[in-house]
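Keep the picture in view as you read.

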Amino acid sequence: MNDRSYTPPAATAEQYLSMLDAAGMAYGVLVQVSVHGIDNRLMLQTLRSNRTRLRGIAVMPLGLPESDYADAKAAGVVGLRLNDLYGGGIDFSQLREYGALAKEMGWHLQFLLDGRQLPRLAPEMSKLPVPFVVDHMGHFELAGMTVDDTNFQTLVSLVRDGGWVKLSGAYRQSALEPPYEDTVPYAQCLLDAGPSRCVWGSDWPHVANWKTMMHVHDLLDTLALWAPTRAQQHAILVDNPSELYGFERAPR
């Protein structure tokens with residue numbers, strides 16, 4: 001896309017699947033990256049080749065032929081992403097219309113936003129007729145913040161009232177090096193608010209990261225700080241994503 005915010009190196013489907021294997025992940029969720037804009041072809045091709053293992057979150061404009069949405073659903077798309085942080089995304093100006101489309105398709109909505117937008121957006125988000133997921137724990141810059149921050153507490157309230165949140169992107173928010181210990185109280189507040197509506201994401205391949213480049217196992221170490229019990233980890237990594245993305249639920 002010409003209006004992309006950055007140009008990342010190539011990341012292939014084979015590399016992604018190898019990452020899942022190395023991390024011991026049975027399933028994975030592909031989220032349409034902003035540099036591809038609304039061109040979902042690579043993601044859809046990868047989904048079709050891995051229909052049982054993968055699900056997708058697409059970026060699709062309103063008003064497309066119904067067959068385009070149906071084809072995406074058949075490939076494994078289970079949600080739509082709205083993103084006004086990076087060029088190539090779709091903003092929140094038609095949130096109500098996207099809620100109606102997602103309801104029609106049986107999808108959810110995923111939001112990449114600046115957490116400081118939440119007090120303005122929360123009333124409309126709360127009225128959505130479909131589940132919604134706030135990416136990267138709200139994508140806050142934690143330096144100088146506390147968990148009592150009004151914007152963060154808006155996110156906590158949304159999760160407590162039924163919203164979902166992705167526990168991910170610690171390295172994007174933290175002022176520290178791995179394992180990003182300053183993120184722990186924020187993640188634990190969200191877990192307390194909605195333990196059955198928290199999911200984890202690797203955010204691989206960690207694009208637009210100008211700090212230390214971590215490995216996925218470093219991020220799993222951070223998850224262990226956020227959720228120290230086996231029951232919490234099983235919920236975040238197995239039960240909750242099975243519910244949200246439609247994966248076969250693994251036994252305990």
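Predicted model: local features only at pLDDT ≥ 70, side-chain atom pairs only at ≥ 80, totals over all residues.

The paragraphs below go from the overall fold to one strand and then to one residue.

Residues are numbered from 1 along each chain as its sequence is written, and side-chain values use heavy atoms, with hydrogens and water left out.

The chain contains 10 helices and seven strands. Here helices (H or I, at least four residues) and strands (E, at least two) are DSSP runs, numbered from the N terminus. Along its principal axes, the C-alpha trace spans about 45 × 40 × 40 Å. For 252 residues, a compact globule would have a radius of gyration near 18 Å, and the chain agrees because its value is 17 Å. That radius is taken over C-alpha atoms, and the globule rule is 2.2 Å times the number of residues to the power 0.38.

How much of the chain is buried? Buried residues make up 52% of the 252 residues; buried means under 20% relative accessible area, exposed over 50%, and partly exposed in between (1.4 Å probe, protein chains only).

Now look inside, at strand S4, residues 108-112. Five of its five residues are buried, so S4 is largely enclosed by the rest of the structure. On one side sit His-108, Gln-110 and Leu-112, on the other Leu-109 and Phe-111, and all are buried.

What are the neighbours of S4? Strand S3 (residues 77-83) runs parallel to S4, joined to it by five bridges; strands pair if DSSP finds at least two bridges between them. In this pairing, Gly-79 has His-108 as its bridge partner. Strand S5 (residues 132-134) also runs parallel to S4, with three bridges, and there Gln-110 is partnered by Val-133.

Finally, find Asp-84 in the loop between S3 and helix H4 (95-105). Asp-84 counts as partly exposed because its relative accessibility is 33%. Asp-84 and Leu-112 are 28 residues apart in sequence, and their C-alpha atoms are 6.9 Å apart in space. Leaving aside residues up to four places away in sequence, Asp-84 touches Ile-90, Asp-91, Phe-92, Leu-112, Leu-113 and Gln-117.

Conventions:
Contact = heavy atoms within 4.5 Å.
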